[in-house]
Structures are given as structure tokens and as C-alpha cells.
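The sequence and the model come next.

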Amino acid sequence: MAQLWGGRFTKETDQLVYNFNASISFDQKFYREDMEGSMAHVKMLAASGIITEEERDKILKGIEGILADVESGELEISSEYEDIHSFVEANLIERIGDAGKKLHTGRSRNDQVALDMKLYTRKEIVNLKGLVKDLLLVLQNLMKEHVDTFMPGFTHLQKAQPITLAHHFGAYMEMFKRDYGRLCDIYDRMNYCPLGSGALAGTTYPLDRNMTAELLGFKGPTLNSMDSVSDRDYVIELLGAMSTIMMHLSRFSEEIIIWNSNEYRFVELDDAYSTGSSIMPQKKNPDIAELVRGKTGRVYGALMQILTTMKGIPLAYNKDMQEDKEFTFDAIDTVKGCLALFTGMIKTMTVNKDVMECSAKNGFTNATDAADYLVNHGVPFRDAHGIVGQLVLYCIEKRISLDDMTIEEYKRISPVFEEDIYDAISLKTCVEKRETIGAPGRASMEQVIAMNEEWLDHIERGV
């Protein structure tokens, strides 16, 4: 058992206790971050006169060799070591001798693991931002393509008013823009370096924490050593942001599943993102959308796990906090996979425009506009509402749409109707006259698409 703390103890740790305590099985995931942090720490120790330049160079060369051997597969990170820190230090001492024993000068595993987790989380936020941006670019293209694709808008899963598919996709565009912004906020807020905080009370060595922070790309050092080693707010925030991303993906997936059904036929998923049935040859199942919907609970579970772990922990570091890793790693991998697959799925699906438009016509989505027509001809709204209710009932009995009624049929219910009613209730008119910003009219949608284009250009350029 390779341990860093054996001096105080007079006998070996029980194997079960050792296994229970060890974190090497999962914290090896940030082996690169651990070694990057150690190299920055060693450079700072030498610059501060705490170790010699010769010792610095030997340690750096040793760590670089360990990193290269791990990544080439020549050196295996095994369960012989308690954690990734023990693995690196033990192998370093084996390779370069006593100089390797100075690696841990002015540092505790508490601030070391806090640094590793921050470096890993920060890197993954960048990866997540890239995947959200990819989805936003696909949505933007779909919006441009479907400005004139009419469809029913829904409330309570009931057809409500006519909109366009661009407008519908635009709602998700706004959701994922907010998700992108949340990831940016978390990155900015967490981007301070905990290294140099020691176990909880700093160190007596003259460390240059500003130098270490700069070498590792942080804005600066954290300002309270106790908070530095016990802070996992950024993990909670990331899991919260990822849970919101998954909630949005799940809502979208639910709609894709419904739209892909035989009853709707609004879209058809590409064969690459569908599966068949082992017994029913006619089936084409939306498995990717269903799995995205299902995996949402998995990410929620990770958020609840870390919230529950952290809720009763006194200052400063406690071993409970080792539980911040496994669920977080799994949640990050889950969200990255879901984003990539979902983006590919909607990018390749076929939209059945005629089916969508027919559904809007047959669902009386233009009924509100028929009532507005009457109001514009002097009929009080409450009376207009009742008249259009009669029209809808008549159409249901006749199994026709408002567009199919003759002018004589209209006039039998209200003499106010004239030939211009057909233009007033056409889907194009119903949509186009809704021109306020945020509405589905073409003028409004083109304005929003242009604003999205500018926003996307800014994030592409890192503005």
C-alpha cells in the first residue's frame, strides 16, 4: 500500500478500510491535471527560493516522463496507490530519488485535490460550452430554414394557435443560450486557484500564490484557505447547470418522440438515430430521444448526491468530500454524450412540412383570429368568442375546418362575416400579422435570427 502518511501509525491499515478510503479508482481521471498542478507548484517553489533550480529541473523532467509513460500505456495507474497524488509522488521518487521528496513542500493533499478538481471541471466546462454551441448552430440553421413552415402551437398538448417551426425551435434556442451563459458564469466564478492553501491554514513557506495561479491560467489565488479546501460550490453549480441542460434536452426529446409518432408524423428520424424492434418489423423507434429523456434523472441524481453530501460538513476539509468525484464525472460524460447525439439527431431528421401545416388547419388554431376579425368589425369580444365557438362546433359536426366553410355557412352563424374572412384566418395571415418582437411573424423572426447570428458570432470570437 503506497501511502504518504505512514509515520504516525504503528501497524498497517486493514485492507477493507484501505479499499474503502482509497480514491485511485476514480481520481485517476484527472492524472493530467494533477501533474500540471505539480509542475506549476515546483516552478513556483524554485522561483521563491524554496528548492533549487537543479531540483526543479529534475522534478519537472521526472513528472514529464511519468505523464508521457501514462499516456503511452507504458505505466499503469494501479490500485497499489491510494490516490493519484500518491501514484505521482511515489513514481517520481523512484525515478529521481530524494529530489522527488520535495514535490510536496508547502502543499497538502487538501489543496492539491481542490486544485485538480477545479482544473478538471474548468476543462470540462469548456468542452460542454463547445457542445452547446454546436447545438445552437444547428438550431439557428433550422430556424432559418423553417421561417415559413407553419405548424400548430400547443398549450396543454392541445392545438392552440398557428406558429412556425422556426418559432418553435427558437424557444429552445433561447433555453440553450441561457445554458451557455450559465456555463460561462460558473467558469468565471470558479476561476481562482486554491493551491497554497495547505491543509486549511496556509503554510509558513514563502509561497508565491499569484505566480502559481498565473501559471495555471487562473484569475488569481483564492482569498481564504479554509474555504479554498472545502469549497465545492462550483461542482454544485455545474451539476445544477447540467441538470437544466438535461431538462431542456428532455423536453425537446419528448416533443421529438411525439412528433415522430404515427399519429403526428411531423418529423421522421434518420435511420442512424433510430432502432428497430426485435419482433415488430414495422417499428422505427426514437431510442436516442428516449435515452436522453431517461438519462436526465441520472444527472439530477448526481446533483442531489453532492448537495446531500455537502449539507452537514463543518469547516474545513472532511473525507466526505471525496464523494464529489464519481457522480460528477459520470454526469459530465452523460451530458456530453447526450448533447452530441441529440444535436446529430435533430440535424439529420426530416421535417414533414405539409403534415404540420395540415395539422394547424384542422386543429382550429386560427379560431382566435376569427374572433379578432369579428372584434375588428364591431362585435364585442365576449360575443365574438361565443360566435367562433359555434363555428368550431359546426365544423366538428361536419368534419371540416374553418377554411372549408362557405360564406353562406359563416353568415348563417353571424351576418358580420364577409369574403375577407378567408384571408383573415389563413395560416399565413395569422402568423404574419404577429410582428411584435418575440412573435412568430416573418419580420419578427428575421430580426431574432439576425440577433442570434450576432450573438453566435460573438461567442465564436470569444467576445
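This is a predicted model: local features need pLDDT of at least 70, side-chain atom pairs count only at pLDDT 80 or more; totals for chains, interfaces and linings use all residues.

Leucine 195 is placed in the loop that lies between α7 (165-190) and α8 (209-215). Leaving aside residues up to four places away in sequence, leucine 195 touches Gly37, His41, Arg107, Asp111, Gln112, Leu115, Arg209 and Thr212. Valine 126 is 69 residues from leucine 195 in sequence, and their C-alpha atoms are 21 Å apart in space.

Helix α5 (residues 84-96) has 13 residues. From first to last C-alpha α5 reaches 18 Å, close to the 18 Å expected at 1.5 Å a residue. Its buried residues are Ile84, His85, Ser86, Phe87, Val88, Glu89, Asn91, Leu92 and Ile96. The cover over these buried residues of α5 includes α2 (24-27), α3 (31-47), α4 (53-72) and α6.

Helix α6 (residues 109-145) also packs with helix α10 (residues 233-259), at an angle of about 25 degrees and with the axes 11 Å apart. The two are therefore roughly parallel to each other, and their crossing is left-handed. The table lists the residues that make the contact.

| Helix | Residues in the contact |
|---|---|
| α6 | Ala114, Met117, Lys118, Thr121, Ile125, Leu128, Val132, Leu135, Leu139 |
| α10 | Tyr234, Val235, Leu238, Met242, Ile245, Leu249, Phe252 |

By type, the residues of the contact between α6 and α10 divide into 14 nonpolar, one polar and one charged.

How values were computed
Residues are numbered from 1 along each chain as its sequence is written. Side-chain values use heavy atoms; hydrogens and water are left out. Axes are lines fitted to C-alpha atoms, for helices over the stretch in contact, and angles run from 0 to 180 degrees between N-to-C directions. Helices (H or I, at least four residues) and strands (E, at least two) are DSSP runs, numbered from the N terminus. Angles under 35 degrees count as roughly parallel, over 145 as roughly antiparallel, 65 to 115 as roughly perpendicular and the rest as oblique. A crossing is left-handed if the near helix is turned anticlockwise from the far one by less than a right angle, and right-handed if clockwise. Contact means heavy atoms within 4.5 Å. Ala, Val, Leu, Ile, Met, Phe, Trp, Tyr, Cys and Pro count as nonpolar, Asp, Glu, Lys and Arg as charged, and the others, Gly among them, as polar. The expected span of a helix is 1.5 Å times one less than its number of residues. Buried means under 20% relative accessible area, exposed over 50%, partly exposed in between (1.4 Å probe, protein chains only).
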